[in-house]
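Colleague: Hi! I'm new to this one, could you walk me through it?
Modeller: Happy to, let's bring it up on screen.

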Amino acid sequence: MAFGQRGVNSDDTLRRMLSDFPFYARMCLMVRNKAGQVVPLILNPAQQELHDRIEAHRERNRGLVRILGLKGRKQGFSTYVGGRGYWKTSLRKGVSAYIMTHEQQATDALFSIVDRYQRNNPLPPNVGASNAKELVFDLLESSYTVATAGQKAAGRGRDITFFHGSEVAFWPNASTHFAASIQAVPYEPGTEIILESTSNGTGGEWYERCQDAIAKRGDYELVFIPWFMSPEYQREPEPGFELSDTSAE
C-alpha cells in the first residue's frame, strides 16, 4: 500500500503519529493475523488495555515507564510492545530499543515481526546497517536489537532507552539479567522497561517482582490482562446449555 493510500500525507497526520501509538500502528504497521493475512495493526482489546495502562502509568511518572505485564497466551503482548519499540526508534533520534526473549525460536519470531514492520512501513527510516537480529537507523542514530537470554548478561555496556523483556518467567539466569541487562536502562524520563510473561508457578525472579509490584514496592506497576479479554477465547454456548455447580466454580 502506498504512502498516500494510507492517508499519511499531511503535517497534522505526522504530528499525531508521534504522540498516538494506536493511530501510528493503524497507519504504518502491518502484522500477520491468525488467518495468515498481512493486515494493519489495529489494537485488539487486550492490546488496547495494555496501551491505556502504560500511558496512564507514564503520565503519572512524568515520562518514566516501568511495567510488568502478566498475560494469557496469544493475546498480542509481544506484537504490541515490539511495535511500540519500533515506533519510538523509527520516528525519534537517539533511541536504542533492546528486546530479550527466553529462547532462540522466540527471538527469531519477534525479529520477523519488526522486519515486517520495516518492510511495509510507508515511512520507513533509512537502514544504514542490519544483521540477523538488529536494525540500525543511521540517520536517526537509533537502533532496534533482538537477543536471547542466555548464561551471559546480553545488553551489558549498551545505552538502552527502551527495554522489552519477553516471557521473563522463563529466562535462564534471570537474576543476572535483572542485575545487568535491565540496569543498562537509565532512570530518566522517556526511558521504558516493559517486561511481560505468562505465569510459571511460584518462586523465581519474575514471581518476586510481581509480588513487589502488587505490594507497591519499587517502581514497577503490574498489569494483568485476563484471558477472557481476548474475543477468540469466547464462544456462544450451545442451545440448552446450563452451568453445573462444578463448571460455575
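Colleague: Let me start with a glycine: where is Gly165 found?
Modeller: Gly165 sits in strand E8, residues 162–166. Helices (H or I, at least four residues) and strands (E, at least two) are DSSP runs, numbered from the N terminus. Before we go on, this is a predicted model, where local features need pLDDT of at least 70, side-chain atom pairs count only at pLDDT 80 or more, and totals for chains, interfaces and linings use all residues. Residues are numbered from 1 along each chain as its sequence is written, and side-chain values use heavy atoms, with hydrogens and water left out.

Colleague: Thanks. Is Gly165 buried or exposed?
Modeller: Gly165 is buried, with a relative accessible area of 0%. Buried means under 20% relative accessible area, exposed means over 50%, and partly exposed is in between, using a 1.4 Å probe and protein chains only.

Colleague: And which residues does Gly165 touch?
Modeller: Not counting residues up to four places away in sequence, Gly165 touches Met100, Trp171, Ile194, Leu195 and Glu196. Contact here means heavy atoms within 4.5 Å. Take Ile194: Gly165 and Ile194 are 29 residues apart in sequence, and their C-alpha atoms are 6.4 Å apart in space.

Colleague: Let's switch to the nonpolar core. How many residues does the largest one have?
Modeller: The largest nonpolar core has 37 residues, and those with the most contacts inside it are Phe21, Tyr24, Leu29, Leu41, Tyr86 and Tyr117. Helix H2, residues 21–28, gives the most to this core, with 6 residues. A nonpolar core is a set of buried Ala, Val, Leu, Ile, Met, Phe, Trp, Tyr and Cys residues joined through side-chain atoms within 4.5 Å. There is also a second, separate core of 22 residues, which includes Tyr98, Met100, Val185 and Ala213.

Colleague: Which residues does Tyr117 touch?
Modeller: Leaving out residues up to four places away in sequence, its partners are Cys28, Leu29, Met30, Val31, Leu41, Thr79, Gly82, Gly83 and Tyr86. Cys28 counts as buried, at 0% relative accessibility.

Colleague: Speaking of cysteines, how many disulfides are there?
Modeller: The count comes to 0 disulfides, taking a disulfide as a pair of cysteine sulfur atoms within 2.5 Å. Cys210, for its part, counts as buried at 6% relative accessibility.

Colleague: Now the helices. At what angle do H4 and H5 pack?
Modeller: Helix H4 (residues 77–91) and helix H5 (residues 104–120) pack at about 50°, with their axes 10 Å apart. That makes H4 oblique to H5. Angles under 35 degrees count as roughly parallel, over 145 as roughly antiparallel, 65 to 115 as roughly perpendicular and the rest as oblique. Axes are lines fitted to C-alpha atoms, for helices over the stretch in contact, and angles run from 0 to 180 degrees between N-to-C directions.

Colleague: Which residues make that contact?
Modeller: From H4 there are Ser78, Thr79, Gly82, Gly83 and Tyr86, and from H5 there are Leu110, Ile113, Val114, Tyr117 and Gln118.

Colleague: And how do H1 and H2 cross?
Modeller: The axes of helix H1 (residues 11–19) and H2 come within 6 Å and cross at roughly 120°, which makes H1 oblique to H2.

Colleague: Last topic: where is Trp206 found?
Modeller: Trp206 is in helix H7, residues 205–214, and counts as buried at 7% relative accessibility. Setting aside neighbours within four places in sequence, Trp206 is in contact with Leu68, Gly69, Leu70, Val168, Ala169, Leu195, Glu196, Ser197 and Thr198.

Colleague: And Arg73, buried or exposed?
Modeller: Arg73 counts as exposed, at 58% relative accessibility. Arg73 lies in the loop between strand E3 (65–71) and H4. Apart from neighbours within four places in sequence, Arg73 is in contact with Thr198 and Tyr233.
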